[in-house]
Amino acid sequence: MKKRMICLFLCIYLLLIFFQNSKSITASTTVDISQPVVALSFDDGPSKYTEKIINYLHEEDVVATFFVVGNKVPLYQKTLKKAIKYKNEIGNHSYSHKWLSRLNDMEMKEEIEKGNSVIKEELGYTTKLLRPTYGGINQRLRDNTNLQIVFWSVDTKDWKYKNVQSIVKETENTKDGDIILMHDLHERTLKALKEIIPLLKEKNFEFVTVSELEKIKFLRNKIKK
Ligand code: ZN
């Protein structure tokens, strides 16, 4: 029993050190991994709404993950650099939003690698994540990339709904560890976000990037063992 207690304290101590040293853990606060966590994710941008979304997230001390379409990156270089400065994460969502799982191996690799390159060249950022276009996945896609493939568990359907309340409603059953899918292409998405974030904060959710979410799940599993 005593041994177990020492082990537990050691684990907590190591976790504290881990979080203090980890630059990727959120902006100004330390994440309490006993609290429910959620990752907001945005696909298909950047667009003229991205900067407004980034500014709002920053005001709320919230971070998110942006899965960008490569050919839009140069036009919004400044916006995305700001996103990185504010500790958001950038993921690859292909170069020109072709349906990745339907391409042949060569085209598939090219779409992914061009996406990685433009993110690296324009933003000086190395992405670790890939969100497949149209949520399409197959073994070839898994075999043709070293990036971590990321889906979602809550779909706000903000591409379909025209009214803000329907988007907000899709998030009402958000659980600990969920990844929420949104698109930084619409004004209604920003408006919905301004309701979703306060509602989740009321339920004590902490907002993390997708990579941080992975780390937290890993650490929680370690503690359990
Ligand atoms: Zn998409």
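The following questions and answers concern a predicted model.

Q: What makes the crossover from S2 through helix H3 to S3 right-handed?
A: Strands S2 (residues 64-68) and S3 run parallel and are joined by 4 bridges, and Val68 stands opposite Asn92 in S3. Between these strands the chain passes through helix H3 (residues 77-85). A crossover is right-handed if, with the strands pointing away from the viewer, the path over the helix runs clockwise; the β-α-β crossover here is right-handed, so its path is clockwise in that view.

Q: How do you know that the span of helix H7 is close to the expected one?
A: Helix H7 (residues 187-202) has 16 residues, and 22 Å is expected at 1.5 Å a residue. From first C-alpha to last, H7 reaches 24 Å, close to that expectation.

Q: Why are residues of H7 such as Leu193 and Ile196 called buried?
A: The term requires under 20% relative accessible area. Leu193 and Ile196 are among the buried residues of H7, which also include Arg188 and Thr189, so each of these falls under that cut-off. Strand S1 (37-43) and helix H2 (50-59) are among the elements that cover them.

Q: What makes Leu193 a contact partner of Leu40 and Phe42?
A: Contact requires heavy atoms within 4.5 Å. Leu193 is in contact with Leu40, Phe42, Ile53 and Leu57, among others, so each of these pairs has heavy atoms within that limit. Leu193 is also one of the residues with the most contacts inside the largest nonpolar core, which has 34 residues. H7 gives the largest share of this core, 6 residues.

Conventions:
Residues are numbered from 1 along each chain as its sequence is written. This is a predicted model: local features need pLDDT of at least 70, side-chain atom pairs count only at pLDDT 80 or more; totals for chains, interfaces and linings use all residues. Side-chain values use heavy atoms; hydrogens and water are left out. Two strands pair if DSSP finds at least two bridges between them. Helices (H or I, at least four residues) and strands (E, at least two) are DSSP runs, numbered from the N terminus. The expected span of a helix is 1.5 Å times one less than its number of residues. Buried means under 20% relative accessible area, exposed over 50%, partly exposed in between (1.4 Å probe, protein chains only). A nonpolar core is a set of buried Ala, Val, Leu, Ile, Met, Phe, Trp, Tyr and Cys residues joined through side-chain atoms within 4.5 Å. Lists of a residue's contacts leave out its neighbours within four places in sequence.
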